[in-house]
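Work through these exercises with the model in view. Try each task before reading its solution.

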Amino acid sequence: MVTGRPLLDSEDIMKSIQFDVKVPQFLALKVFGSLSKRAYYSGPLSTVRMVDLPEPSLPSTDWVKIKVSRCGICTSDISTILLRNSPAWTPYTSFPAVPGHEIGGTIVEAGAGVENLHAGDLVAVCPVLNCATRGIEPACDACQKGLSSCENFAEGKLPPGQAIDLCTSTLGGYSEYIVAHKSQVFKIPAGWSAQDAALVEPFSIALEAVLSNLPQQGEQVLVIGGGVIGTMIVQAIRALDIPCEITVAVSSSFTGELARKAGADHTISGKNILQQASQITGGRCYTPLLGPAAMMGGFNRVYDCFSTSRSVSLAMRAARTGGVISLVGISGQLKFDPTMMWLKLISLKGSLYYGLHEWEGKRRHVFEITIDLVSKGKVKFTDIVTHTFRLDEYRKMIKININKGRYGAIKTMFVYD
């Protein structure tokens with residue numbers, strides 16, 4: 001396994017936001033961060049800071065160098081900065097690292113082994129560091145099957161890291177330039193903006209969740225969370241022309257409006273959320289001796305965009321017998337009563353990254369399917385980006401993303417030009 005920073009050996013310097021954390025710092029932040037979240041991104045204990053790094057060079061002839069134009073900010077980026085992720089991730093990461101995986105940019109250099117990609121091409125970047133990027137042959141069973149997660153995130157020619165923004169020898173999009181393996185790069189059609197290119201990644205996350213837990217005609221679907229990914233899940237189902245009824249559990253009238261614009265039939269919120277759901281689905285609510293009510297009947301498919309103990313509990317109580325729950329959000333350790341999972345024969349599955357799926361008679365990457373749906377007008381990215389920032393405004397960016405409701409933020413982005 002390679003260690004160090006072998007991809008960063010250029011003499012040219014660029015600005016980047018770098019994340020790093022050490023054990024003493026982690027322990028101190030658990031104390032001071034509980035008093036003020038600002039401690040995580042400002043001051044001596046900050047997990048992120050602006051640094052000068054050498055521009056990356058091509059590690060081999062199969063890679064390209066990209067000038068980043070836009071990089072979206074993901075909830076998982078904020079969770080990393082605030083140290084909310086489970087320690088179970090750590091064997092598959094290496095730090096310091098540059099965050100950012102929602103990338104739209106222009107190729108400035110292509111290796112001799114790269115075909116059909118050229119300098120000047122606008123591209124979207126799939127950030128996953130799988131067997132192909134790590135130079136591992138034969139590829140692991142998961143990669144051969146086209147699954148969205150690789151078995152070799154800590155092996156091969158690169159240090160541990162599931163994605164370019166979680167690996168110490170690659171770079172995420174909080175940087176002016178990155179490099180990517182040819183298998184990670186998807187050319188964007190003429191007429192698209194760099195902003196559109198950057199939104200291919202988050203929509204692909206939503207589309208992957210739908211394609212791997214595909215609703216059937218006439219089914220009842222629940223999406224828990226009306227933020228970016230939740231509304232994109234609704235858009236993805238509608239883009240696939242699946243005649244099903246979609247309900248979105250939202251936290252505010254603001255997110256409720258977003259969900260309805262995306263194509264939701266119903267939105268529910270508040271303390272009696274299960275009772276509202278029962279009226280929509282025809283389910284029946286039962287109240288136990290202690291604890292919250294549960295529903296018999298209910299939703300065939302549930303997409304949980306939070307994956308917290310509270311949201312998973314709601315998902316299991318709202319799902320019907322034989323229902324399938326996809327955990328789309330990433331969180332820490334969970335604590336919930338699994339009784340409903342047993343009682344209602346519920347399947348609980350993870351949804352991560354981007355796989356290969358049958359599409360119009362071919363096996364295609366979910367990025368390609370997203371680009372196809374947008375090109376056909378089935379998906380539109382209008383009105384989703386509400387705030388943009390320069391790289392040196394990263395503290396302001398974090399503050400607004402921590403308090404999205406207060407600032408009316410939906411999707412936020414770094415802008416480099």
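**Exercise 1.** Decide whether L27 is buried or exposed.

Solution. Start with the cut-offs: buried means under 20% relative accessible area, exposed over 50%, and partly exposed in between (1.4 Å probe, protein chains only). L27 has 52% relative accessibility, so L27 counts as exposed. Helices (H or I, at least four residues) and strands (E, at least two) are DSSP runs, numbered from the N terminus.

This is a predicted model: local features need pLDDT of at least 70, side-chain atom pairs count only at pLDDT 80 or more, and totals for chains, interfaces and linings use all residues. Residues are numbered from 1 along each chain as its sequence is written, and side-chain values use heavy atoms, with hydrogens and water left out.

**Exercise 2.** Find which residues of helix α7 are buried, and where they sit on the helix.

Solution. Take the helix, residues 253-262: T255, G256, L258, A259 and A262 are buried. Look down the axis of α7: these residues fall within an arc of 160°, so they line one face. The arc is that of the directions from the helix axis to the C-beta atoms. Now turn to the other side of α7, where S253 and K261 are exposed. Finally, look for the cover: α6 (228-239), β9 (245-249) and β10 (266-268) are included in what covers the buried residues. Just after α7, G263 takes a positive phi of about 125°.

**Exercise 3.** Name the residues that touch the most other members of the largest nonpolar core.

Solution. A nonpolar core is a set of buried Ala, Val, Leu, Ile, Met, Phe, Trp, Tyr and Cys residues joined through side-chain atoms within 4.5 Å. The largest has 64 residues, and L207, V223, I233, I237 and L373 touch the most other members. Helix α5 gives the most to this core, with twelve residues. Apart from it lies another core, of 47 residues, among them A39, V48, I164 and F414.

How values were computed. Contact = heavy atoms within 4.5 Å.
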